[in-house]
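Subject: Structure for your review

Dear colleague,

Please find below the structure that I am handing over to you. I should be grateful if you would look through it before reading my notes.

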Amino acid sequence: MHDFLNQVEEIFQFLVQSGILLLEFAGVCTILFTTVKSIWACVKRDSQVRLILAKGIALALEFKLGGEVLRTVIVREWSELAILGAVILLRGALTFLIHWEIKTEEAHLQ
């Protein structure tokens, strides 16, 4: 029975780590895609460059935040949890500020 539980825990750890990796990868890809898109918009002198970039960064932060939340499942130490909590709060605050910037920019463009 003990071996079975260890196997289940290893499978669970693998699934969680895979999910974290997938979310982190999606966040990085989103940032890279948004950067290229923003540079192209800048070359075309599009007035919505800041809006395009802000929306892309906000989406990337959501993916990264999802990875951090998923990471809380496998944390074993209180110190790790405290650091993770600080990262989550920081990314949440950044997301909030970027969404505020998006609303401000959208209102400015209209």
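Predicted model: local features only at pLDDT ≥ 70, side-chain atom pairs only at ≥ 80, totals over all residues.

Residues are numbered from 1 along each chain as its sequence is written, and side-chain values use heavy atoms, with hydrogens and water left out.

**The chain as a whole**

The secondary structure comprises three helices and zero strands, in the order α-α-α along the sequence. Helices (H or I, at least four residues) and strands (E, at least two) are DSSP runs, numbered from the N terminus.

The C-alpha atoms occupy a box of roughly 65 × 25 × 20 Å along the principal axes. The radius of gyration of the chain is 18 Å, whereas a compact globule of 110 residues would have one near 13 Å. That radius is taken over C-alpha atoms, and the globule rule is 2.2 Å times the number of residues to the power 0.38.

Of the 110 residues, 25% count as buried. Here buried means under 20% relative accessible area, exposed means over 50%, and partly exposed lies in between (1.4 Å probe, protein chains only). The chain exposes about 8,100 Å², of which carbon and sulfur atoms supply 71%; accessible areas come from the Shrake-Rupley method with a 1.4 Å probe, and for residues only the protein chains shown count as cover.

Contact means heavy atoms within 4.5 Å. Among contacts between residues at least 6 apart in sequence, 72% join residues at least 24 apart.

There are 10 positive and 12 negative side chains, and the centres of the two sets lie 13 Å apart. Lys and Arg count as positive and Asp and Glu as negative, with His and the chain ends not counted; the place of a charge is NZ of Lys, CZ of Arg, CG of Asp or CD of Glu.

Helix α1 covers residues 2-43; its 42 residues reach 61 Å from first C-alpha to last, close to the 62 Å expected at 1.5 Å a residue. The expected span of a helix is 1.5 Å times one less than its number of residues. The buried residues of α1 are V16, G19, I20, E24, G27, T30, T34, S38 and A41. Their cover includes α2 (49-71) and α3 (78-109).

Helix α2 has 23 residues and reaches 33 Å between its end C-alpha atoms, close to the expected 33 Å. Its buried residues include V49, L51, I52, A54, G56 and A58, as well as K64 and E68. The buried residues of α2 pack against α1 and α3.

Helix α3 has 32 residues, which should span 46 Å at 1.5 Å a residue, and its end C-alpha atoms are 46 Å apart, in agreement. In α3, the residues L84, R91, T95, I98, I102 and E105 are buried, and what covers them includes α1 and α2. An α-helix has 3.6 residues a turn, so residues three or four places apart point the same way.

**Individual residues**

R45 lies in the loop between α1 and α2. R45 has a positive phi of about 60° although it is not a glycine. R45 counts as exposed because its relative accessibility is 75%.

A60, in helix α2, has a relative accessibility of 1% and therefore counts as buried. Leaving aside neighbours within four places in sequence, A60 is in contact with G27, T30 and I31.

I98 belongs to helix α3 and counts as buried because its relative accessibility is 16%. Not counting residues up to four places away in sequence, I98 touches A54, I57, A58 and L61. I98 and F4 are 94 residues apart in sequence and 46 Å apart in space, C-alpha to C-alpha.

V28 is placed in helix α1 and is partly exposed, with a relative accessible area of 40%. The C-alpha atoms of V28 and V75, 47 residues apart along the chain, are separated by 23 Å.

Yours sincerely
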